[in-house]
Amino acid sequence: SGDFSQGEIAGTDVETVALAEETPESLYERSNESLLRRQFGEAEAGFRAFLEKYPEHGLAGNAQYWLGETYLAQDDYRQAAQAFLRGYQQFPGNRRAADSLLKLGISLGRLGQKDQACASYAAVETEFPKALEARKRAQAEAKRAGVEIARNAADVARKVSVILTSLPKPQALAATVRAIAAARAARPDGEKKPFMIRSLSKRVR
């Protein structure tokens, strides 16, 4: 007859209310819960959806970092490196910025890019002197990789300039790490503002 039963109407109402009640916070929390349950594919999809829908939200920096962690947990080191690099570039003031540089180094190290990884570890040292845990982990990762962290910007720039080859796709990752070191070396010693390689951001996709 075309008439809907009361149950069908009620079900539709419930579904509509549930969809309407989704908030940035609920999407973030649901994605985080998936990550904690080690459901990395679901967590990845959730954090990506969050960043697409709410790129300016206060939790976007955290979401970008945890997106990188989902890739790292799935051994997708190339995507992880891109995610952590983007997190550092776009959210330099986020409390996860130092960790993003650290995890960028770890991801590059897993890809066999030892010198680029070392440059990231060095950037943790020079850019975030108060991030004690991140610095400690960066030193440990560098030691594990058998490299010594350069202690000043000039040494960092000189070290990464030795290696000109990097990821087949995207090439921008190695170029960005070299640019990070060069920008740090060219800056006055007393200047502490986070450096951002905005000109390369569109190439890291």
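## Basis

A residue is buried when its relative accessible area is under 20%, exposed when over 50%, and partly exposed in between (1.4 Å probe, protein chains only). This is a predicted model: local features need pLDDT of at least 70, side-chain atom pairs count only at pLDDT 80 or more, and totals for chains, interfaces and linings use all residues. Residues are numbered from 1 along each chain as its sequence is written, and side-chain values use heavy atoms, with hydrogens and water left out.

## Overall make-up

The chain has 10 helices and zero strands. Helices here are DSSP runs (H or I, at least four residues), strands are E runs of at least two, and both are numbered from the N terminus. Of the 205 residues, 45% are buried.

## Helix α5

α5 has 14 residues, of which 10 are buried, so the rest of the structure largely encloses this helix. A80, A81, Q82, A83, F84, L85, R86, G87, Y88 and Q89 are the buried ones.

## Nonpolar core

A nonpolar core is a set of buried Ala, Val, Leu, Ile, Met, Phe, Trp, Tyr and Cys residues joined through side-chain atoms within 4.5 Å. The largest has 37 residues, and F47, L101, L104 and Y121 have the most contacts inside it. At least two residues of this core come from each of α2 (24–36), α3 (40–53), α4 (60–73), α5 (77–90), α6 (97–110), α7 (114–127) and α8 (132–145).

Contact means heavy atoms within 4.5 Å. Beyond its neighbours within four places in sequence, F47 is in contact with Y28, S31, N32, L35, A63, W66, L67 and T70.
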